[in-house]
Amino acid sequence: MTGTITFTMIKPSAFSAGYTGNILAKIEAAGYKIKAMKKISLSKEQAGHFYEMHKERPFYEELTNFMSSGPIVAAILEKENAVESFRKFIGATDPAKADEGTIRKLYGKNLSENAVHGSDSDESAQREAGFFFSFLEMV
Ligand code: GDP
């Protein structure tokens, strides 16, 4: 059975550009319920833990520098088939390749500064939600 929870972040570039309100409005209009949400600044070490599965990738350094460069908004979203539907909704990793109307097409700049994160599996969603939120913050 597919899960009803996914995890998202509004990344530093989109936050500092003032897109948070617009992005959240689109997320809610698409039928996602916000189960938990917070604005937070990650240290480089914390960003490194979050993206530890990419540790060996050539873009890891750039990614963790970027994700610790300013505040983000982290949220847990609820909807049927949340992980898969949200990834379609935000579009391809590279905004240049994302479909028209997707969040990354509308608000992303490049492969690194692609506006938002979306979990890639139910297991990732659980891990990522637990990385940012305590049990009490999720209920
Ligand atoms: P996602 O699941 O679509 O977010 O993509 P990945 O899990 O493959 O990568 C995680 C994040 O790393 C992406 O959202 C991008 O911000 C960044 N990223 C992925 N590939 C590249 C790349 O080739 N270059 C750079 N600079 N960043 C990348």
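**Terms and values**

Q: Why does Asn81 count as partly exposed?
A: The relative accessibility of Asn81 is 26%. Buried means under 20% relative accessible area and exposed means over 50%, with partly exposed in between (1.4 Å probe, protein chains only). Asn81 is therefore partly exposed. The model is predicted, so local features need pLDDT of at least 70 and side-chain atom pairs count only at pLDDT 80 or more, whereas totals for chains, interfaces and linings use all residues. Residues are numbered from 1 along each chain as its sequence is written, and side-chain values use heavy atoms, with hydrogens and water left out.

Q: What makes the pair Lys44 and Glu61 a salt bridge?
A: Their closest N and O atoms are 2.5 Å apart. A salt bridge requires a side-chain nitrogen of Lys or Arg within 4 Å of a carboxyl oxygen of Asp or Glu, so the pair qualifies. The pair links distant parts of the chain, with Lys44 in helix 3 and Glu61 in helix 4, 17 residues apart. Lys44 is partly exposed at 33%, and Glu61 is partly exposed at 45%.

Q: How many salt bridges are found in the whole structure, and what is the closest N and O distance for Glu100 and Lys105?
A: The search finds 5. In the pair Glu100 and Lys105 the closest N and O atoms are 3.8 Å apart. Glu100 is exposed, at 69%, whereas Lys105 is partly exposed, at 29%. Another salt bridge joins Glu113 and Lys109, at 3.0 Å. Here Glu113 is partly exposed, at 22%, and Lys109 is exposed, at 60%.

Q: Why is no salt bridge assigned to Glu128?
A: The nearest side chain of opposite charge, that of Arg127, is 4.3 Å away, and Glu128 is buried. For charge, Lys and Arg count as positive and Asp and Glu as negative, while His and the chain ends are not counted.

Q: Which residues are around the ligand, and what are the polar distances of Thr93 and Asn114?
A: A residue is near a molecule or strand if one of its heavy atoms lies within 4 Å of it. The residues around the ligand are Lys11, His54, Phe59, Glu62, Leu63, Arg87, Thr93, Arg104, Leu111, Ser112 and Asn114. A polar side-chain atom of Thr93 lies 2.6 Å from a ligand oxygen atom, and one of Asn114 lies 2.9 Å from a ligand oxygen atom. For Ser112, a backbone N or O atom lies 3.3 Å from an oxygen atom of the ligand.

Q: What makes a set of residues a nonpolar core, and how many residues has the largest?
A: Such a core is a set of buried Ala, Val, Leu, Ile, Met, Phe, Trp, Tyr and Cys residues joined through side-chain atoms within 4.5 Å. The largest has 18 residues, and Phe7, Met9, Met67 and Phe132 have the most contacts inside it. Helix 4 gives the most to this core, with 4 residues.

Q: Why is Ile76 called buried?
A: Its relative accessibility is 3%, so Ile76 counts as buried. Ile76 lies in strand 3.

How values were computed. Helices (H or I, at least four residues) and strands (E, at least two) are DSSP runs, numbered from the N terminus. A polar contact is a pair of N or O atoms within 3.5 Å; within protein, one must be able to donate a hydrogen and the other to accept it, and residues adjacent in sequence count only if both atoms are side-chain atoms.
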